[in-house]
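Hi there,

Here is the structure I promised to pass on. My notes on what turned up in it follow below; please have a look at the model first.

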Amino acid sequence: MAEKFDAIVVGAGPSGNAAAYTLAKAGMKVLQLERGEYPGSKNVQGAILYSDALEKIIPDFRDDAPLERHIIEQRMWVLDDESYIGTHYRSDDFNKPPFNRYTIIRAQFDKWFSEKVQEAGAMLICETTVSDLLMDGKRVIGVQTDRLGGEIYADMVILADGVNSLLATKAGFHPEIEPKNVALAVKEIHFLPQETVEARFNVTGDAGVVIEMAGKITQGMMGTGFLYTNKESLTIGVGCMLSDLKKQKISPCQLLEQMKTHPSIAPILEGGEMKEYSAHLIPEGGYKAIPQVFGDGWMIVGDSAMFVNAMHREGSNLAMTSGCFAAETVIELAAKQKPFTAKNLARYREKLDASFVIKDLKKYKNMPDVFHANPQFFTTYPEMLNQAAHKMLTVDGVDKKTKEKQIMANFKHRRSLFGLMGDAFKLWRAFE
Amino acid sequence: MSANAKVEEKLFQNRYRVDGGRPHIQIKDAEVCVSQCGTQPCTVCCPAGCYTQESNGRVVLITDGCLECGTCRIICNDYRNVTWEYPRGGYGVLFKFG
(Lines give C-alpha, C1' and ligand atoms only; values in the text may rest on other atoms or scores of the structure.)
Protein backbone atom coordinates (compact mmCIF):
# COMPACT_ATOMS: atom_id res chain seq x y z
CA MET A 1 0.00 0.00 0.00
CA ALA A 2 1.98 2.93 -1.30
CA GLU A 3 -0.82 5.40 -0.79
CA LYS A 4 0.46 8.93 -0.41
CA PHE A 5 -1.25 11.86 1.22
CA ASP A 6 -0.88 15.60 0.89
CA ALA A 7 -0.61 15.77 4.66
CA ILE A 8 -0.58 13.50 7.68
CA VAL A 9 -1.72 14.93 11.00
CA VAL A 10 -0.54 13.00 14.05
CA GLY A 11 -3.06 13.34 16.87
CA ALA A 12 -6.73 14.29 17.16
CA GLY A 13 -6.71 16.86 19.94
CA PRO A 14 -7.58 20.53 19.44
CA SER A 15 -4.48 21.41 17.39
CA GLY A 16 -4.61 18.30 15.22
CA ASN A 17 -8.31 18.63 14.60
CA ALA A 18 -7.99 22.31 13.70
CA ALA A 19 -5.18 21.50 11.26
CA ALA A 20 -6.90 18.49 9.67
CA TYR A 21 -10.22 20.34 9.40
CA THR A 22 -8.67 23.37 7.69
CA LEU A 23 -6.67 21.21 5.28
CA ALA A 24 -9.62 19.00 4.39
CA LYS A 25 -11.90 22.00 3.85
CA ALA A 26 -9.38 23.27 1.31
CA GLY A 27 -9.67 20.00 -0.57
CA MET A 28 -6.37 18.48 0.47
CA LYS A 29 -5.94 14.76 0.91
CA VAL A 30 -5.47 14.43 4.66
CA LEU A 31 -4.85 11.43 6.88
CA GLN A 32 -5.20 11.87 10.63
CA LEU A 33 -3.82 9.25 13.01
CA GLU A 34 -5.00 8.87 16.59
CA ARG A 35 -3.69 6.36 19.11
CA GLY A 36 -6.84 6.30 21.23
CA GLU A 37 -9.91 4.15 20.73
CA TYR A 38 -11.69 7.32 19.67
CA PRO A 39 -10.57 10.97 19.55
CA GLY A 40 -10.62 12.27 23.10
CA SER A 41 -10.02 8.95 24.83
CA LYS A 42 -6.40 9.95 25.58
CA ASN A 43 -6.94 13.65 26.08
CA VAL A 44 -7.03 15.48 29.40
CA GLN A 45 -7.52 19.16 30.14
CA GLY A 46 -8.73 21.49 32.87
CA ALA A 47 -11.29 21.96 30.26
CA ILE A 48 -12.29 25.54 29.60
CA LEU A 49 -13.10 26.14 25.95
CA TYR A 50 -12.58 29.67 24.69
CA SER A 51 -15.15 30.34 21.98
CA ASP A 52 -13.09 32.67 19.83
CA ALA A 53 -10.52 30.21 18.48
CA LEU A 54 -13.15 27.57 17.66
CA GLU A 55 -15.56 30.12 16.23
CA LYS A 56 -12.97 31.06 13.64
CA ILE A 57 -12.88 27.43 12.50
CA ILE A 58 -16.49 26.32 12.99
CA PRO A 59 -18.62 29.48 13.36
CA ASP A 60 -21.82 27.59 14.26
CA PHE A 61 -20.20 25.17 16.73
CA ARG A 62 -22.77 26.08 19.37
CA ASP A 63 -25.49 24.32 17.38
CA ASP A 64 -24.31 20.83 18.15
CA ALA A 65 -21.02 20.81 20.10
CA PRO A 66 -21.24 19.05 23.48
CA LEU A 67 -20.79 22.00 25.84
CA GLU A 68 -21.31 21.74 29.58
CA ARG A 69 -21.84 25.24 30.99
CA HIS A 70 -20.98 28.76 29.88
CA ILE A 71 -19.01 30.65 32.50
CA ILE A 72 -20.69 33.65 34.08
CA GLU A 73 -18.48 33.90 37.14
CA GLN A 74 -14.75 33.69 37.66
CA ARG A 75 -13.38 33.39 41.19
CA MET A 76 -9.74 33.78 42.20
CA TRP A 77 -8.90 32.36 45.59
CA VAL A 78 -5.66 32.71 47.52
CA LEU A 79 -5.72 30.00 50.13
CA ASP A 80 -4.26 29.58 53.55
CA ASP A 81 -4.73 26.34 55.48
CA GLU A 82 -8.06 27.38 56.98
CA SER A 83 -9.19 30.24 54.81
CA TYR A 84 -9.16 31.94 51.45
CA ILE A 85 -9.16 35.53 50.36
CA GLY A 86 -10.16 36.34 46.85
CA THR A 87 -12.10 38.11 44.19
CA HIS A 88 -15.23 37.02 42.40
CA TYR A 89 -16.33 38.52 39.13
CA ARG A 90 -19.80 37.72 37.92
CA SER A 91 -21.67 39.50 35.19
CA ASP A 92 -25.01 39.00 33.56
CA ASP A 93 -23.26 40.12 30.38
CA PHE A 94 -21.58 36.71 30.40
CA ASN A 95 -25.04 35.17 30.57
CA LYS A 96 -26.08 36.56 27.19
CA PRO A 97 -25.26 34.67 24.01
CA PRO A 98 -22.97 34.32 22.22
CA PHE A 99 -21.09 32.98 25.22
CA ASN A 100 -17.39 33.63 25.59
CA ARG A 101 -16.23 30.46 27.33
CA TYR A 102 -17.57 27.06 28.29
CA THR A 103 -16.62 24.13 30.41
CA ILE A 104 -16.39 20.97 28.32
CA ILE A 105 -15.74 17.26 28.80
CA ARG A 106 -12.90 16.50 26.47
CA ALA A 107 -13.76 12.89 25.66
CA GLN A 108 -17.08 14.15 24.28
CA PHE A 109 -15.90 17.40 22.78
CA ASP A 110 -12.93 15.94 20.88
CA LYS A 111 -15.15 13.23 19.45
CA TRP A 112 -17.54 15.88 18.16
CA PHE A 113 -14.74 17.99 16.71
CA SER A 114 -13.33 14.92 15.00
CA GLU A 115 -16.71 14.18 13.40
CA LYS A 116 -16.57 17.66 11.86
CA VAL A 117 -13.05 16.94 10.61
CA GLN A 118 -14.24 13.73 8.96
CA GLU A 119 -17.29 15.45 7.45
CA ALA A 120 -14.86 17.96 5.95
CA GLY A 121 -13.20 15.07 4.15
CA ALA A 122 -10.19 14.01 6.22
CA MET A 123 -9.55 10.31 6.73
CA LEU A 124 -9.21 9.32 10.39
CA ILE A 125 -7.62 6.12 11.62
CA CYS A 126 -7.85 5.47 15.36
CA GLU A 127 -6.09 2.93 17.58
CA THR A 128 -2.90 3.63 15.66
CA THR A 129 0.24 4.88 17.36
CA VAL A 130 2.84 6.60 15.23
CA SER A 131 6.17 5.20 16.37
CA ASP A 132 8.61 7.12 14.18
CA LEU A 133 8.93 9.65 11.43
CA LEU A 134 10.15 8.44 8.06
CA MET A 135 13.03 10.57 6.89
CA ASP A 136 14.84 11.14 3.65
CA GLY A 137 17.95 12.87 4.91
CA LYS A 138 16.66 15.84 6.85
CA ARG A 139 13.27 15.77 5.19
CA VAL A 140 10.22 14.11 6.76
CA ILE A 141 8.48 11.99 4.13
CA GLY A 142 5.96 10.06 6.18
CA VAL A 143 5.29 8.12 9.35
CA GLN A 144 5.86 4.64 10.71
CA THR A 145 2.85 3.30 12.60
CA ASP A 146 2.48 0.30 14.88
CA ARG A 147 0.19 -1.44 12.40
CA LEU A 148 1.35 -4.20 10.10
CA GLY A 149 2.96 -2.66 7.01
CA GLY A 150 2.47 0.62 8.72
CA GLU A 151 4.53 2.99 6.59
CA ILE A 152 2.51 5.90 5.26
CA TYR A 153 3.87 8.68 3.09
CA ALA A 154 2.94 12.33 2.74
CA ASP A 155 4.35 15.63 1.51
CA MET A 156 3.81 17.15 4.93
CA VAL A 157 3.59 15.78 8.46
CA ILE A 158 1.98 17.94 11.13
CA LEU A 159 2.92 16.87 14.64
CA ALA A 160 -0.02 17.39 16.96
CA ASP A 161 1.02 14.57 19.26
CA GLY A 162 0.79 16.47 22.52
CA VAL A 163 3.05 17.62 25.29
CA ASN A 164 5.34 14.59 25.35
CA SER A 165 6.14 15.20 21.69
CA LEU A 166 7.98 11.90 21.40
CA LEU A 167 8.24 11.99 17.62
CA ALA A 168 9.97 15.35 17.41
CA THR A 169 12.29 14.41 20.28
CA LYS A 170 13.22 11.10 18.66
CA ALA A 171 13.84 12.82 15.34
CA GLY A 172 16.13 15.29 17.12
CA PHE A 173 13.99 18.33 16.24
CA HIS A 174 14.05 19.46 19.82
CA PRO A 175 15.67 18.36 23.08
CA GLU A 176 13.86 16.50 25.85
CA ILE A 177 11.56 18.68 27.96
CA GLU A 178 13.06 19.80 31.25
CA PRO A 179 11.18 19.32 34.55
CA LYS A 180 11.21 23.08 35.12
CA ASN A 181 9.30 23.67 31.90
CA VAL A 182 6.37 21.41 32.57
CA ALA A 183 3.63 21.19 35.17
CA LEU A 184 1.90 18.01 36.25
CA ALA A 185 -1.82 18.42 36.84
CA VAL A 186 -4.01 15.78 38.45
CA LYS A 187 -7.76 16.04 38.53
CA GLU A 188 -10.97 14.26 39.36
CA ILE A 189 -14.52 14.53 38.18
CA HIS A 190 -17.24 14.32 40.85
CA PHE A 191 -20.84 13.74 39.87
CA LEU A 192 -23.69 15.44 41.71
CA PRO A 193 -27.33 16.04 40.80
CA GLN A 194 -27.68 19.01 38.45
CA GLU A 195 -29.78 20.96 40.97
CA THR A 196 -27.09 20.47 43.62
CA VAL A 197 -24.41 21.86 41.31
CA GLU A 198 -26.63 24.85 40.56
CA ALA A 199 -27.55 25.48 44.20
CA ARG A 200 -23.94 25.32 45.41
CA PHE A 201 -22.82 27.88 42.85
CA ASN A 202 -25.94 30.01 42.72
CA VAL A 203 -26.51 29.46 39.01
CA THR A 204 -29.40 28.29 36.87
CA GLY A 205 -29.83 26.90 33.38
CA ASP A 206 -26.53 26.30 31.62
CA ALA A 207 -24.57 28.95 33.53
CA GLY A 208 -21.43 27.95 35.39
CA VAL A 209 -18.57 29.05 37.61
CA VAL A 210 -14.79 28.61 37.56
CA ILE A 211 -12.59 28.93 40.65
CA GLU A 212 -8.85 29.43 40.14
CA MET A 213 -6.78 28.85 43.26
CA ALA A 214 -3.29 29.59 44.44
CA GLY A 215 -1.61 29.42 47.80
CA LYS A 216 -0.98 26.73 50.34
CA ILE A 217 -2.83 24.06 48.39
CA THR A 218 0.39 23.64 46.38
CA GLN A 219 2.42 23.21 49.58
CA GLY A 220 5.03 25.75 48.60
CA MET A 221 5.40 24.60 45.03
CA MET A 222 4.85 26.76 41.95
CA GLY A 223 1.38 25.85 40.80
CA THR A 224 -2.35 26.43 40.94
CA GLY A 225 -5.58 24.63 41.60
CA PHE A 226 -8.96 24.80 39.92
CA LEU A 227 -12.55 23.79 40.44
CA TYR A 228 -15.30 24.25 37.88
CA THR A 229 -18.86 23.31 37.18
CA ASN A 230 -19.97 20.93 34.48
CA LYS A 231 -23.62 20.17 33.80
CA GLU A 232 -23.98 17.56 36.51
CA SER A 233 -20.49 17.24 37.81
CA LEU A 234 -17.61 19.23 39.24
CA THR A 235 -14.01 19.00 38.14
CA ILE A 236 -11.30 19.65 40.70
CA GLY A 237 -7.59 19.59 40.09
CA VAL A 238 -4.19 20.89 41.04
CA GLY A 239 -1.03 21.34 39.03
CA CYS A 240 2.57 22.01 40.04
CA MET A 241 5.86 22.33 38.24
CA LEU A 242 7.53 18.96 37.88
CA SER A 243 10.86 20.36 39.08
CA ASP A 244 9.17 21.37 42.36
CA LEU A 245 7.40 18.03 42.82
CA LYS A 246 10.72 16.33 42.25
CA LYS A 247 12.63 18.57 44.63
CA GLN A 248 10.07 18.44 47.41
CA LYS A 249 9.15 14.80 46.86
CA ILE A 250 5.43 15.39 47.08
CA SER A 251 2.96 12.87 45.75
CA PRO A 252 0.51 14.57 43.35
CA CYS A 253 -2.21 12.18 44.43
CA GLN A 254 -1.73 13.21 48.08
CA LEU A 255 -1.63 16.87 47.07
CA LEU A 256 -5.08 16.58 45.52
CA GLU A 257 -6.39 14.61 48.49
CA GLN A 258 -5.14 17.30 50.85
CA MET A 259 -6.67 20.06 48.73
CA LYS A 260 -10.06 18.32 48.78
CA THR A 261 -10.09 18.47 52.59
CA HIS A 262 -9.69 22.27 52.70
CA PRO A 263 -12.60 23.64 54.76
CA SER A 264 -13.63 25.95 51.92
CA ILE A 265 -13.51 23.21 49.30
CA ALA A 266 -14.79 20.08 51.02
CA PRO A 267 -18.42 21.31 51.38
CA ILE A 268 -18.58 22.04 47.64
CA LEU A 269 -17.68 18.46 46.80
CA GLU A 270 -19.73 16.90 49.61
CA GLY A 271 -21.72 13.87 48.50
CA GLY A 272 -20.27 13.76 44.99
CA GLU A 273 -19.34 10.52 43.31
CA MET A 274 -15.82 10.47 41.89
CA LYS A 275 -15.88 8.78 38.49
CA GLU A 276 -12.47 9.44 36.97
CA TYR A 277 -8.96 10.35 38.05
CA SER A 278 -6.62 11.69 35.41
CA ALA A 279 -3.20 13.28 35.06
CA HIS A 280 -1.62 15.37 32.38
CA LEU A 281 1.52 17.38 31.76
CA ILE A 282 1.16 21.01 30.79
CA PRO A 283 4.02 22.66 28.92
CA GLU A 284 4.49 25.85 30.94
CA GLY A 285 8.02 26.85 29.98
CA GLY A 286 6.64 29.78 28.02
CA TYR A 287 8.32 31.74 25.27
CA LYS A 288 11.88 30.72 26.12
CA ALA A 289 11.00 27.02 25.93
CA ILE A 290 9.42 27.08 22.46
CA PRO A 291 11.35 24.68 20.24
CA GLN A 292 11.97 24.93 16.51
CA VAL A 293 8.43 24.45 15.16
CA PHE A 294 9.05 23.72 11.49
CA GLY A 295 11.55 22.06 9.18
CA ASP A 296 11.68 20.22 5.86
CA GLY A 297 8.34 18.51 5.54
CA TRP A 298 7.19 19.03 9.14
CA MET A 299 5.56 21.46 11.52
CA ILE A 300 4.71 21.19 15.22
CA VAL A 301 1.46 22.57 16.64
CA GLY A 302 -0.29 22.86 20.00
CA ASP A 303 1.13 21.43 23.23
CA SER A 304 3.95 19.68 21.35
CA ALA A 305 5.22 23.15 20.45
CA MET A 306 4.79 24.40 24.05
CA PHE A 307 2.01 26.78 23.05
CA VAL A 308 0.47 27.28 26.51
CA ASN A 309 -0.08 30.60 28.23
CA ALA A 310 0.19 29.47 31.84
CA MET A 311 -0.48 32.94 33.24
CA HIS A 312 -3.93 33.03 31.70
CA ARG A 313 -4.69 29.31 31.76
CA GLU A 314 -4.96 29.25 27.97
CA GLY A 315 -3.86 26.34 25.85
CA SER A 316 -6.55 24.82 23.67
CA ASN A 317 -7.13 28.14 21.93
CA LEU A 318 -3.42 28.46 21.16
CA ALA A 319 -3.53 24.85 19.99
CA MET A 320 -6.42 25.41 17.59
CA THR A 321 -4.97 28.66 16.28
CA SER A 322 -1.54 27.13 15.67
CA GLY A 323 -3.20 24.16 13.95
CA CYS A 324 -5.01 26.54 11.61
CA PHE A 325 -1.83 28.49 10.87
CA ALA A 326 0.05 25.31 10.00
CA ALA A 327 -2.76 24.20 7.70
CA GLU A 328 -3.02 27.63 6.06
CA THR A 329 0.73 27.61 5.43
CA VAL A 330 0.42 24.27 3.64
CA ILE A 331 -2.56 25.46 1.62
CA GLU A 332 -0.82 28.68 0.56
CA LEU A 333 2.36 26.90 -0.50
CA ALA A 334 0.41 24.23 -2.38
CA ALA A 335 -1.54 26.90 -4.25
CA LYS A 336 1.73 28.43 -5.41
CA GLN A 337 3.15 24.95 -6.10
CA LYS A 338 6.04 25.65 -3.78
CA PRO A 339 7.74 22.73 -1.97
CA PHE A 340 7.37 22.25 1.79
CA THR A 341 10.94 23.16 2.61
CA ALA A 342 12.01 24.66 5.92
CA LYS A 343 12.60 27.95 4.12
CA ASN A 344 9.06 28.09 2.77
CA LEU A 345 7.50 26.81 6.01
CA ALA A 346 9.05 29.72 7.91
CA ARG A 347 5.78 31.38 6.94
CA TYR A 348 4.15 29.32 9.74
CA ARG A 349 6.36 30.91 12.37
CA GLU A 350 5.68 34.36 10.89
CA LYS A 351 1.95 33.79 11.27
CA LEU A 352 2.47 32.71 14.88
CA ASP A 353 4.70 35.70 15.64
CA ALA A 354 2.10 38.12 14.29
CA SER A 355 -0.69 36.59 16.39
CA PHE A 356 -1.67 36.45 20.05
CA VAL A 357 -0.02 33.03 20.30
CA ILE A 358 3.56 34.31 20.33
CA LYS A 359 2.76 37.88 21.38
CA ASP A 360 1.20 36.70 24.65
CA LEU A 361 3.91 34.14 25.35
CA LYS A 362 6.53 36.81 24.72
CA LYS A 363 4.80 39.24 27.06
CA TYR A 364 5.17 36.80 29.94
CA LYS A 365 8.54 35.38 28.92
CA ASN A 366 10.16 36.12 32.30
CA MET A 367 7.24 34.94 34.42
CA PRO A 368 8.34 31.29 34.79
CA ASP A 369 11.81 32.38 35.98
CA VAL A 370 10.40 34.92 38.44
CA PHE A 371 8.09 32.35 40.02
CA HIS A 372 10.77 29.65 40.07
CA ALA A 373 13.16 31.99 41.88
CA ASN A 374 10.60 33.42 44.30
CA PRO A 375 8.56 30.71 46.01
CA GLN A 376 7.26 33.27 48.52
CA PHE A 377 4.51 34.09 46.02
CA PHE A 378 3.08 30.64 46.69
CA THR A 379 3.76 30.44 50.43
CA THR A 380 4.39 33.61 52.42
CA TYR A 381 2.03 35.92 50.55
CA PRO A 382 -1.07 33.73 50.70
CA GLU A 383 -0.54 33.42 54.46
CA MET A 384 0.07 37.13 54.96
CA LEU A 385 -2.99 38.13 52.95
CA ASN A 386 -5.25 35.71 54.77
CA GLN A 387 -3.91 36.80 58.15
CA ALA A 388 -4.47 40.43 57.22
CA ALA A 389 -8.07 39.78 56.24
CA HIS A 390 -8.62 37.75 59.39
CA LYS A 391 -7.29 40.53 61.59
CA MET A 392 -9.35 43.26 59.92
CA LEU A 393 -12.54 41.22 60.01
CA THR A 394 -12.26 40.05 63.62
CA VAL A 395 -14.18 42.45 65.84
CA ASP A 396 -12.40 42.40 69.20
CA GLY A 397 -12.28 45.95 70.51
CA VAL A 398 -8.91 46.76 68.95
CA ASP A 399 -9.11 49.92 66.80
CA LYS A 400 -8.57 49.61 63.04
CA LYS A 401 -5.50 51.87 62.93
CA THR A 402 -3.72 49.58 65.41
CA LYS A 403 -4.78 46.55 63.35
CA GLU A 404 -3.31 48.11 60.19
CA LYS A 405 -0.05 48.73 62.01
CA GLN A 406 0.02 45.13 63.21
CA ILE A 407 -0.62 43.87 59.69
CA MET A 408 2.15 46.02 58.24
CA ALA A 409 4.52 44.94 61.01
CA ASN A 410 3.73 41.32 60.20
CA PHE A 411 4.38 41.92 56.48
CA LYS A 412 7.73 43.51 57.27
CA HIS A 413 8.59 40.79 59.75
CA ARG A 414 7.77 38.04 57.28
CA ARG A 415 9.25 39.55 54.16
CA SER A 416 11.12 42.81 55.12
CA LEU A 417 10.36 46.13 53.50
CA PHE A 418 12.98 45.58 50.81
CA GLY A 419 11.62 42.13 50.17
CA LEU A 420 8.11 43.50 49.70
CA MET A 421 9.27 46.26 47.39
CA GLY A 422 11.52 43.89 45.48
CA ASP A 423 8.69 41.42 44.97
CA ALA A 424 6.37 44.15 43.73
CA PHE A 425 9.06 45.28 41.32
CA LYS A 426 9.72 41.76 40.06
CA LEU A 427 6.05 41.17 39.39
CA TRP A 428 5.68 44.53 37.71
CA ARG A 429 8.66 43.82 35.45
CA ALA A 430 7.38 40.39 34.55
CA PHE A 431 3.88 41.66 33.74
CA GLU A 432 5.03 44.81 31.95
CA MET B 1 -4.96 4.60 54.48
CA SER B 2 -1.60 4.28 52.76
CA ALA B 3 -0.74 6.48 49.81
CA ASN B 4 -0.76 3.56 47.42
CA ALA B 5 -4.12 2.27 48.59
CA LYS B 6 -5.56 5.71 47.94
CA VAL B 7 -4.17 5.82 44.40
CA GLU B 8 -5.48 2.34 43.69
CA GLU B 9 -8.92 3.36 44.87
CA LYS B 10 -8.85 6.29 42.43
CA LEU B 11 -7.53 4.25 39.51
CA PHE B 12 -10.31 1.74 40.09
CA GLN B 13 -12.71 4.33 38.66
CA ASN B 14 -10.80 4.49 35.37
CA ARG B 15 -11.17 2.34 32.26
CA TYR B 16 -8.14 0.54 30.88
CA ARG B 17 -7.34 -1.89 28.13
CA VAL B 18 -4.14 -3.43 29.37
CA ASP B 19 -1.71 -4.75 26.78
CA GLY B 20 -0.82 -7.89 28.73
CA GLY B 21 2.87 -8.68 28.84
CA ARG B 22 3.80 -5.62 26.76
CA PRO B 23 4.50 -2.77 29.17
CA HIS B 24 4.99 0.52 27.28
CA ILE B 25 7.43 1.82 29.89
CA GLN B 26 10.48 -0.02 31.15
CA ILE B 27 13.29 0.67 33.55
CA LYS B 28 16.47 0.41 31.48
CA ASP B 29 18.88 -0.69 34.18
CA ALA B 30 17.41 -1.62 37.56
CA GLU B 31 20.85 -1.30 39.14
CA VAL B 32 21.01 2.44 38.35
CA CYS B 33 17.92 3.05 40.51
CA VAL B 34 19.53 1.24 43.43
CA SER B 35 23.14 2.36 43.29
CA GLN B 36 23.08 5.75 41.58
CA CYS B 37 19.68 7.36 42.05
CA GLY B 38 19.39 8.14 45.72
CA THR B 39 16.10 9.99 45.65
CA GLN B 40 14.00 7.82 43.32
CA PRO B 41 11.50 10.61 42.58
CA CYS B 42 9.46 8.34 40.30
CA THR B 43 8.27 6.45 43.38
CA VAL B 44 6.70 9.63 44.72
CA CYS B 45 5.78 11.75 41.70
CA CYS B 46 4.06 9.23 39.45
CA PRO B 47 0.39 10.24 39.83
CA ALA B 48 -0.71 6.63 39.32
CA GLY B 49 1.77 5.16 41.79
CA CYS B 50 3.20 2.84 39.14
CA TYR B 51 6.66 2.90 40.73
CA THR B 52 7.15 1.37 44.15
CA GLN B 53 10.19 1.37 46.32
CA GLU B 54 11.05 -2.07 47.66
CA SER B 55 12.70 -2.59 51.01
CA ASN B 56 15.91 -3.71 49.29
CA GLY B 57 16.14 -0.35 47.51
CA ARG B 58 14.93 -1.61 44.16
CA VAL B 59 12.25 0.15 42.15
CA VAL B 60 9.43 -1.97 40.80
CA LEU B 61 7.38 -0.69 37.86
CA ILE B 62 3.89 -1.94 37.07
CA THR B 63 2.37 0.04 34.21
CA ASP B 64 -1.22 -1.29 34.36
CA GLY B 65 -2.61 1.86 36.01
CA CYS B 66 -0.51 4.29 33.95
CA LEU B 67 -2.26 7.56 33.06
CA GLU B 68 0.23 8.15 30.21
CA CYS B 69 1.16 11.61 31.44
CA GLY B 70 4.93 11.33 30.89
CA THR B 71 6.01 12.43 34.37
CA CYS B 72 8.42 9.53 34.92
CA ARG B 73 10.05 10.12 31.54
CA ILE B 74 10.83 13.75 32.30
CA ILE B 75 11.54 13.44 36.00
CA CYS B 76 14.25 10.84 35.37
CA ASN B 77 16.33 13.51 33.63
CA ASP B 78 19.44 12.84 35.72
CA TYR B 79 19.79 9.21 34.63
CA ARG B 80 17.45 8.83 31.64
CA ASN B 81 16.77 5.37 32.93
CA VAL B 82 13.29 4.77 31.52
CA THR B 83 12.33 3.81 28.00
CA TRP B 84 8.99 5.37 27.38
CA GLU B 85 6.71 4.71 24.43
CA TYR B 86 3.00 5.22 24.04
CA PRO B 87 1.01 2.00 24.37
CA ARG B 88 0.10 0.27 21.13
CA GLY B 89 -2.85 1.86 19.37
CA GLY B 90 -6.08 1.31 21.28
CA TYR B 91 -4.39 0.08 24.48
CA GLY B 92 -3.78 1.80 27.79
CA VAL B 93 -6.02 4.19 29.64
CA LEU B 94 -9.38 5.06 28.03
CA PHE B 95 -10.66 8.31 29.44
CA LYS B 96 -14.44 8.45 29.70
CA PHE B 97 -14.38 12.19 30.48
CA GLY B 98 -10.78 13.38 30.14
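Let me start with charges over rings. Lys275(A) sits over the face of Phe191(A), 4.8 Å from the ring centre. The same label goes to Arg73(B), which lies over the face of Trp84(B) at 5.6 Å from the ring centre. The rule here is that NZ of Lys or CZ of Arg is within 6 Å of the ring centre and within 35 degrees of the ring normal.

Before going on, some housekeeping. This is a predicted model, so local features need pLDDT of at least 70 and side-chain atom pairs count only at pLDDT 80 or more, while totals for chains, interfaces and linings use all residues. Residues are numbered from 1 along each chain as its sequence is written, chains are lettered from A and ligands numbered from 1 in the order in which they are written, and side-chain values use heavy atoms, with hydrogens and water left out.

Next, the aromatic pairs. Rings of Phe, Tyr and Trp (its six-membered ring) pair if their centres lie within 6.5 Å; planes under 30 degrees apart count as stacked, over 60 as edge-to-face and the rest as tilted. The count comes to 15 aromatic pairs over all chains. One of them joins Phe371(A) and Phe377(A) edge-to-face, at 5.7 Å centre to centre with 85 degrees between the planes. Phe371(A) counts as buried because its relative accessibility is 15%, and Phe377(A) is buried at 15% as well (buried means under 20% relative accessible area, exposed over 50%, partly exposed in between, with a 1.4 Å probe and protein chains only). Ring pairs also link Phe371(A), Phe377(A), Phe378(A) and Tyr381(A) into a cluster.

And how is the pair of Phe425(A) and Trp428(A) arranged? The ring centres of Phe425(A) and Trp428(A) are 5.9 Å apart and the planes meet at 40 degrees, so this pair is tilted. Both residues belong to helix H15 (residues 417-431) of chain A, 3 residues apart, or about one turn of the helix. Phe425(A) is partly exposed, at 46% relative accessible area. Helices (H or I, at least four residues) and strands (E, at least two) are DSSP runs, numbered from the N terminus.

In chain A, strand S13 (residues 223-229) is mostly covered, with 6 of its 7 residues buried. S13(A) pairs in the antiparallel sense with strand S12 (residues 207-215) over 4 bridges, and with strand S14 (residues 233-241) over 7 bridges; two strands pair if DSSP finds at least two bridges between them. Glu212(A) stands opposite Phe226(A) of S13(A), while Gly223(A) has Cys240(A) in S14(A) as its bridge partner. S13(A) and S14(A) make a hairpin with 3 residues between them.

A cavity is a set of points on a 1 Å grid over the protein atoms alone where a 1.4 Å probe fits but cannot get out, and lining residues have an atom within 4 Å of a point. The structure holds 4 cavities of 30 Å³ or more. The largest cavity has about 170 Å³ of space. It is lined by 18 residues, and closest to its centre are Cys33(B), Cys37(B), Cys42(B), Cys76(B) and Asn81(B). Helices H2 (30-35) and H4 (71-75) of chain B each supply at least two residues of that lining.

Best wishes

Note on methods:
1 Å grid on protein atoms, 1.4 Å probe; cavity = no way out; pocket = protein on both sides within 12 Å on 5 of 7 lines; lining within 4 Å. Points joined across faces, edges and corners; volume = space filled by probe spheres on them.
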